[in-house]
Amino acid sequence: MKHIVKWLLAATLGAACQNLAAVELYGYIRALGGTTDSRSAACYKLAGAATKYRMGNECEVYGEFRVGQQLNAFDDGSELKAYVMVSNFKPMTDDALLQDGRSDSRFAQAYVTWDKLPALNGGSLWAGRRYYKREDIHVTDFFYWNPQGLGAGVEDVVIDGPGGAPLKFSYALFRDDNKDQDDKATRHDIQLRGFKVNPNGQLELGLSLIPSNHNPAGGDSGWGVTVQHRQQNIAGDGWNKLAVQYGVGPGIGLGNTGPLESGTDVQRLRIVEGIYAQMTPRLGGMLTAVYQRDTADAGDQTWTSLGGRVTYGVTRQFKLQAELGQDWVNPSTGDTRSLTKLTVAPTWAMASNFWARPELRFFCTYAKWNQAAADAAVGSGDAAVASLASNGVFGNDKHGVTIGLQFEGWW
């Protein structure tokens, strides 16, 4: 009897350890606290710009936690998995009521995948709500190619490309991008990645289609295309991404769904450049540039952005960081708006390289803007934009300083 109990206990513990080994855990958190003229921290963003430079400039607490679990492993090598991710966002400025100061919690992802399917040449079959094949620039948190949403599809199916080189084909059908999208619309996303064009470099192609017959807002059909060149292995793990995107009508979301009431006169051209490198064990950095031109019968607008971040490891756990960003927005009616933002941040971190996290930054952020930026900020529901307005935190001043602590970590 004693041997039977030992065997049952060993079998139970073994099964538990196997299930634990199949669990995937991911988490991310950031938080900022500081002061601006004896008030809570203010952040800075230009009206008409899609992003802001984020170091010392994210006046919120945000966290996300994802759990993945292998449900079954099949004899053919394929795996059935499920993922759930919850997130929470809480603004932390005196103007938080502009964005509703209550915490915003949601199930950001909930989906299942059947991976490594022989019938799909190693590709996957999936369904649910997920962050899908997103491309971003970290220093601005700019997800310029972001076809996330609720849907289903096949992903990374290996097919023969030119000369027999393997390419990865993906198709997804989405119904909405997120829970805040009022009108739901069908969106087809088609991607083909892996065109080898130079050593360590490849082309990636994307097409987004939004049929008008599924458009509840009554606008025209829309489409968007993305062509991206990805260069890898720059100074070790460094990379360069250059994306050219063009969209028409609701396709100006350039991956996700743009305004559904848009007609074919509404068009967007966007060029995004991002480069990261850890040049030495101590010195790392990331640079980015964006050019975006929107045209429509109602008027045109151009947004241009240029900036980057550099990190230098003084010791193993201490580094100095600096981030400088410049944004310009030029509408067809009105003066050009401009915003310059500079942050210097002595930082404690787990290591001295660019990506080492978690890290705690003591930062000082200085921003300067012009009168056109202040005028365009009046009435904005975005607290970071509203801080530039003449009736905002700084009154008639066209500059501001925020000092504080910022934490960022992931695992």
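**Figure 1. The loop between β6 and β7, with Lys 133.** In this predicted model, Lys 133 sits in the loop that runs between β6 (123-130) and β7 (135-137). Although Lys 133 is not a glycine, its phi is positive, at about 50°. Most residues other than glycine have a negative phi. Lys 133 counts as buried, because its relative accessibility is 15% and the cut-off for that class is under 20%.

**Figure 2. The loop between β7 and β8, with Asp 141.** Asp 141 is found in the loop between β7 and β8, and Asp 141, although not a glycine, has a positive phi of about 55°. With a relative accessibility of 28%, Asp 141 counts as partly exposed, a class that lies between the limits of 20% and 50%.

**Figure 3. The second largest pocket and its lining.** The second largest pocket has a volume of about 150 Å³, and Lys 133 is one of its lining residues, together with Asp 156, Val 158, Pro 166, Leu 167, Lys 168, Arg 193, Gly 194, Lys 196, Gln 202 and Glu 204. At least two residues of the lining come from each of the strands β9 (149-160), β10 (166-176), β11 (187-198) and β12 (201-210). Sorted by class, the lining holds six charged, three nonpolar and two polar residues.

Figure 4. Val 154 has its place in strand β9. Between Val 154 and Ser 170 there are 5.6 Å in space, C-alpha to C-alpha, although the two are 16 residues apart in sequence. When neighbours within four places in sequence are left aside, the contacts of Val 154 are Leu 120, Ser 124, Leu 125, Trp 126, Tyr 132, Ser 170 and Tyr 171.

Figure 5. The largest nonpolar core has 30 residues, of which Tyr 44, Tyr 144, Met 286, Leu 339, Trp 369 and Leu 388 touch the most other members. Each of β8 (142-145), β14 (238-248), β15 (267-278), β16 (283-295), β20 (359-369) and α2 (371-377) supplies at least two residues of this core. Not counting residues up to four places away in sequence, Leu 388 touches Tyr 44, Lys 45, Leu 339, Trp 369, Ala 373, Ala 374 and Ala 377. In soluble globular proteins, nonpolar side chains tend to be buried together.

**Figure 6. Thr 311 in strand β17.** Thr 311 belongs to strand β17 (residues 301-313) and is buried, since its relative accessible area is 0%. Apart from residues up to four places away in sequence, Thr 311 touches Arg 282, Leu 283, Gly 284, Leu 320, Gln 321 and Phe 354.

Figure 7. Most peptide bonds are trans.

**Figure 8. The whole chain, as context for the close-up views.** The secondary structure of the chain comprises three helices and 21 strands. The radius of gyration is 24 Å, close to the 22 Å that the globule rule gives for 411 residues, so the chain is as compact as a globular protein of that length. Along its principal axes, the C-alpha trace spans about 80 × 55 × 45 Å, and 46% of the 411 residues count as buried.

Technical notes
Residues numbered from 1 in each chain as written. Predicted model: local features only at pLDDT ≥ 70, side-chain atom pairs only at ≥ 80, totals over all residues. Heavy atoms only, no water. Core = buried A, V, L, I, M, F, W, Y, C linked by side-chain atoms within 4.5 Å. Buried < 20%, exposed > 50% of the residue type's maximum accessible area, 1.4 Å probe, protein only. Helix = DSSP H or I, 4+ residues; strand = E, 2+ residues; numbered from the N terminus. Contact = heavy atoms within 4.5 Å. 1 Å grid on protein atoms, 1.4 Å probe; cavity = no way out; pocket = protein on both sides within 12 Å on 5 of 7 lines; lining within 4 Å. Points joined across faces, edges and corners; volume = space filled by probe spheres on them. Nonpolar A, V, L, I, M, F, W, Y, C, P; charged D, E, K, R; others polar. Rg over C-alpha atoms; globule rule 2.2 N^0.38 Å.
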